[in-house]
Amino acid sequence: MSESINSFFNVYSQIENFLLNFMMNYDNAIKKRRYTQRELDHKTNGVYYVWKSPRMMEQHVAKVYTSKLFFEVQKEIYKGGWFCDVKDLGEGDGWEHFKVMHKSQKHEVKATYKVGLKYAEKQVNCTFGHFNRFGILCRHAFRVLMDKFFNEILEPYILRRWRKNVISSNYHLSRDRFDEEDADVMKLVNEVFFNTEFALDIVIVDKQKLASFAEKTQLWLNDVKCNSSNEEPITNSDVLEKLYNVTIPEEVEIFFQMFNTVKDVEIRGLLVKLNNQL
């Protein structure tokens, strides 16, 4: 994990960077990660699912899982319904035991697994161990649940990291674009972004509705521009002054004498570079 993070940040930072460069590059790296996350969220919210069966459990999967996980779980449900047979083995220790025969496309038995189901505690396990390795239930467990008329996946077996709503709306676009200390203002900003993105996810599948939405947002934007004050825009210097609590002078003079050694020349180059950045 640490090697992956180091490799990610090395794209945005070099060893000769000043502290200011590092902080700006770090901010760009975080923005890149958040942009990628927004793309994935948008893809999940706008995807169109094709059902492979009329089972309610498949529709429940579409509600709770991200699009990538949906297709993985859908495959397990489909193969559990078509390529698995169940035999009841009776009860013991509060568990109801089943033998699930995993068959090939030619309906030949490839393997046999044991599945246990505990109704009161809503627990299920399978000797195949798919959930322990990959974090989703296997086709054998799904076949037993569907045979017992479960319409939803048992809550303990929906891991939080696979859910659609794993990231709170408070961490959406606003935090990488606004530096506002007022909690109420940040809450309103987050709400505006969330509502706008949610509405866009709804209308994106209909070109006519999307065009109407774009027209309304443009009219709203024009109205905001007309009613806004004529304040000067915030510059990079304003942001830096607020960040470091300092005042940046309009002109900076750096005096240095003639350098002779190679090391002195390198120092002179760094001073010139610092002067250009300021």
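## Exercises on a predicted model

A nonpolar surface patch of about 300 Å² is formed by Phe-194, Phe-198 and Ile-202. Such patches take residues with over 30% relative accessible area and no salt bridge, joining nonpolar side chains (Val, Leu, Ile, Met, Phe, Trp, Tyr) within 5 Å and like charges within 9 Å. A salt bridge is a side-chain nitrogen of Lys or Arg within 4 Å of a carboxyl oxygen of Asp or Glu. Areas come from the Shrake-Rupley method with a 1.4 Å probe, and for residues only the protein chains shown count as cover.

The model is predicted: local features need pLDDT of at least 70, side-chain atom pairs count only at pLDDT 80 or more, and totals for chains, interfaces and linings use all residues. Residues are numbered from 1 along each chain as its sequence is written, and side-chain values use heavy atoms, with hydrogens and water left out.

**Exercise 1.** Find the helix in which Phe-198 lies.

*Solution.* Helices are DSSP runs of H or I with at least four residues, strands are runs of E with at least two, and both are numbered from the N terminus. Phe-198 lies in α7.

**Exercise 2.** Compare the span of helix α4 with the expected value.

*Solution.* Step one: α4 covers residues 67–83, which makes 17 residues. Step two: the expected span is 1.5 Å times one less than the number of residues. Step three: first to last C-alpha, α4 reaches 24 Å, close to the 24 Å expected.

**Exercise 3.** Is Arg-163 buried or exposed, and what does Arg-163 touch?

*Solution.* Step two: apply the cut-offs, with buried under 20% relative accessible area, exposed over 50% and partly exposed in between (1.4 Å probe, protein chains only). Arg-163 has 17% relative accessibility, so Arg-163 is buried. Step three: list the contacts (heavy atoms within 4.5 Å). Leaving out residues up to four places away in sequence, Arg-163 touches Val-64, Thr-66, Glu-155 and Ile-158.

**Exercise 4.** Describe the setting of His-107.

*Solution.* His-107 sits in the loop between β2 (95–103) and β3 (109–118). His-107 has a positive phi of about 65°, although it is not a glycine. His-107 is exposed, because its relative accessibility is 54%.
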